[in-house]
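I am opening a notebook page on this structure and will write down what I look up, entry by entry.

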Amino acid sequence: MNNKLKIFLTAGILLTLSGCAAIMGLDGDASKQAEAPDYRVGDRWVYHIEEGYRMHLSWDETWEITKIDNNGVTVQITSQGSRLNGIETRTEIWPQPGLVSQGALMNTETRQFNTPYQRYRFPMRAGDSWSQWLDTADKKERYGQQQPNFITRAWGWEKIKSPVGETDALKLNQVIRFDDEDPWRYPTRASYISWYAPEVNNIVRAEKRAGFIEKGDGRSAIEITSQLETVELRSYTRGKQ
């Protein structure tokens, strides 16, 4: 294993360790928890995303619950901004709070999960952690059926300021290893930090980093950044009962 690959693979470990250090400044009261949200048709979140790993781009995403039935919660996501040519839409399906049977892991690529992806595990408390091998079977996947692996840890509570005001939010650290290795590159590895606020039934902020190492002769392998984003909640509207 070359030195650049070692550095890249240990980056996620260092981020996790930095989270361990950061927890000293967080509220780690395990009796305080984020309960499963009570979603309504019409619930609406507007996020502003800044992307900066190649050139500065920004766009807005509107998440709106359009249907709740026996299949779960249907969410339409509409994106518009400098990253896009026109308007882009996609759909997520949440069979129950915290689970995703159709949705995105990275960027906006929609995936189908044979076993729902556990984005959140309610009730969530400081110190909670969970992991999962994701079983995807979307034929349009670059390498066919994939089984990405992720680990999530809830560090503790912070007060986060955003355009919706100051909210108590549970800090979550997620490390994802994608199953996309090929003869020319090692797997993509992502490290996401997000702040989930029960007051808005969703995240209020996220910082997303991802990349991979190209395979070479052991000395010339290149590290490629594939995602460098910040996400901020700009508005939240509760649906009517």
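**Strands, core and rings**

I began with a facing pair: Arg-177 stands opposite Arg-189 in β12. I note that this is a predicted model, in which local features need pLDDT of at least 70 and side-chain atom pairs count only at pLDDT 80 or more, while totals for chains, interfaces and linings use all residues. Residues are numbered from 1 along each chain as its sequence is written, and side-chain values use heavy atoms, with hydrogens and water left out.

I then looked up the strands around that pair, where strands are DSSP runs of E with at least two residues, numbered from the N terminus, and two strands pair if DSSP finds at least two bridges between them. β11 and strand β12 (residues 189-197) are antiparallel and share eight bridges. On its other pairing, β11 (residues 165-177) runs antiparallel to β10 (residues 149-162) with 13 bridges, and I found two residues between them in a hairpin. Within this pairing Trp-157 faces Leu-170 of β11.

Gln-76 has Glu-64 opposite it, and its bridge partner in β5 is Thr-91.

Which rings pair up, I asked, taking rings of Phe, Tyr and Trp (its six-membered ring) with centres within 6.5 Å, and calling planes under 30 degrees apart stacked, over 60 edge-to-face and the rest tilted? The count comes to ten aromatic pairs. The centres of the Tyr-39 and Trp-94 rings are 5.3 Å apart with planes at 50°, so I list this pair as tilted. Tyr-39 and Trp-94 are both buried. For Trp-45 and Tyr-236 the centres are 5.7 Å apart and the planes at 25°, so that pair is stacked. Trp-45 lies in strand β2 and Tyr-236 in strand β14 (residues 223-237), so this pair ties together parts 191 residues apart in sequence. Trp-45 counts as buried at 0% relative accessibility, whereas Tyr-236, at 21%, counts as partly exposed.

Note on methods: Helices (H or I, at least four residues) and strands (E, at least two) are DSSP runs, numbered from the N terminus. Buried means under 20% relative accessible area, exposed over 50%, partly exposed in between (1.4 Å probe, protein chains only).
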